[in-house]
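Here is a short briefing on one protein chain.

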Amino acid sequence: MHDAGAGRSTRDEIPPGTADYLLTAAAIRERSGLVFAAAERGETRHFALNLDRLDDAVARVVSVTRRRYPDLLVPFHSRWRHFSAGGVDRARLVAPGADLAETARARLDLAIVSVLLDAGAGPSWRYREAETGLVLARSEGLAVASMRAMQAGLFSSDPRLPWRADAASLASLSAARLSDAFQHGRENPLAGLEGRAFLLRRLGAVAASRPDLFGAPPRLGNLYDFWLRKRDNLPAPEMLRLMLRVFGPIWPGRLSLGGVPLGDCGRHPAVPGDALVPFHKLSQWLFYSLIEPLADSGFAITEIDGLTGLAEYRNGGLFLDTGVIVARDPDLPRRTLDPFAEEVVEWRALTLALLDRLADRVRERLGVDPSAFPLAKILEGGSWAAGREVAAERRQDGRPPLLIVSDGTVF
């Protein structure tokens with residue numbers, strides 16, 4: 001079904017000083033590597049490395065992976081794992097009675113909207129699922145809330161066809177309607193609510209402007225039809241590049257280069273010249289979540305390991321909480337940080353570089369081959385779950401080790 005591929009450092013000869021280069025997985029890996037190299041030389045301002053502790057992180061990830069998946073049949077890290085929170089198979093609810101193609105479109109609709117709503121919910125927010133009585137928090141709560149919202153037709157302009165996310169409905173989505181769907185309120189605050197609604201409105205506008213990708217009338221799931229003609233050979237890095245270029249304008253207040261929005265991209269002095277370090281966390285998380293519905297409908301996605309790990313607070317928290325990454329200022333964990341502050345950029349870059357090194361050691365311990373166990377399975381097995389587990393051990397509310405302001409569009 002999937003080919004992990006090799007050559008994860010391939011750049012396709014894109015000039016390194018251009019926006020096109022910064023909108024690639026190769027640039028994420030290479031620029032993070034420059035920050036990591038500076039840390040190895042002791043030249044980073046905010047964090048030091050203690051690589052002697054990396055085996056501690058590896059041991060924890062191996063233990064968590066074996067516990068969660070004793071047969072080592074680990075799925076990809078994607079939004080679809082969250083849709084089954086509480087042991088409920090909600091994926092079967094999507095577009096009941098539809099044919100294979102329409103089911104795939106509906107699953108793409110759901111994955112895109114749900115991932116873009118997946119920035120940190122905040123420690124106190126909860127979602128009570130009426131259908132099951134389950135009370136869910138954080139990523140699982142956001143996933144189930146977004147799925148139930150789609151089931152109710154929140155993202156469709158046609159009440160008769162609820163299982164879709166079309167440009168017309170997204171472009172007019174108000175924060176109030178999103179608030180109702182996500183049970184936001186004074187006693188149950190969802191962090192970054194306005195930012196989430198704004199992001200989806202921008203998404204609707206982008207979809208409306210690209211009928212070549214999203215069809216007419218425009219709908220997110222019509223990416224299925226766009227990719228259909230190449231279904232037998234779709235390299236993951238090329239697909240991600242397209243998505244980064246197309247969805248770039250939806251991200252508010254971000255850096256741009258030559259008029260091209262760079263999305264999730266910060267600056268760090270360890271990078272010579274432009275100092276730009278791309279991460280594209282939500283976009284890569286989104287793409288990992290599209291692989292499953294596309295593969296289930298017969299698409300062959302190749303070179304999946306050309307993508308990178310995810311620079312977010314669970315993976316990054318794993319390395320901080322196990323002592324692989326060490327804050328130079330002991331007061332740093334008590335400060336509130338902007339998502340694009342140099343401290344956060346440094347932490348995220350080190351996280352990405354360390355995930356590749358951790359993945360190699362985890363595979364060796366598990367006795368698996370990279371082609372059968374790509375990075376997306378390390379994350380799922382894996383590093384994300386281990387980061388959440390160690391956070392719960394260290395802090396009563398399970399929050400990440402750094403306090404980062406959430407605007408609903410990054411973490």
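A residue counts as buried under 20% relative accessible area, as exposed over 50%, and as partly exposed in between (1.4 Å probe, protein chains only). At 24% relative accessibility, Arg 388 is partly exposed. This is a predicted model: local features need pLDDT of at least 70, side-chain atom pairs count only at pLDDT 80 or more, and totals for chains, interfaces and linings use all residues. Residues are numbered from 1 along each chain as its sequence is written, and side-chain values use heavy atoms, leaving out hydrogens and water.

**Overall build**

- The protein chain holds 16 helices and 12 strands. Helices (H or I, at least four residues) and strands (E, at least two) are DSSP runs, numbered from the N terminus.
- The radius of gyration is 20 Å, close to the 22 Å from the globule rule for 411 residues, so the chain is as compact as a globular protein of that length. The radius is taken over C-alpha atoms, and the rule is 2.2 Å times the number of residues to the power 0.38.
- Along the principal axes, the C-alpha atoms fill a box of roughly 60 × 50 × 45 Å.

**Packing**

- Of the 411 residues, 58% count as buried.
- Among contacts with a separation of 6 or more, 76% come from residues 24 or more positions apart. A contact means heavy atoms within 4.5 Å.

**Charges**

- The chain has 52 positive and 51 negative side chains, and the centres of the two sets lie 3 Å apart. Lys and Arg count as positive, Asp and Glu as negative; His and the chain ends are not counted. The place of a charge is NZ of Lys, CZ of Arg, CG of Asp or CD of Glu.

**Salt bridges**

- A salt bridge is a side-chain nitrogen of Lys or Arg within 4 Å of a carboxyl oxygen of Asp or Glu. By this rule there are 33.
- Arg 41 pairs with Glu 43, with the closest N and O atoms 3.1 Å apart. Arg 41 is exposed at 54%, and Glu 43 is exposed at 52%.
- Glu 129 pairs with Arg 148 at 2.8 Å. The two link distant parts of the chain: Glu 129 sits in the loop between strand 2 and strand 3, Arg 148 in helix 6, 19 residues apart. Both Glu 129 and Arg 148 are buried.
- Arg 388 meets Glu 140 at 2.9 Å, N to O. This bridge joins helix 16 to helix 6, across 248 residues. Glu 140 is buried at 16% relative accessibility.
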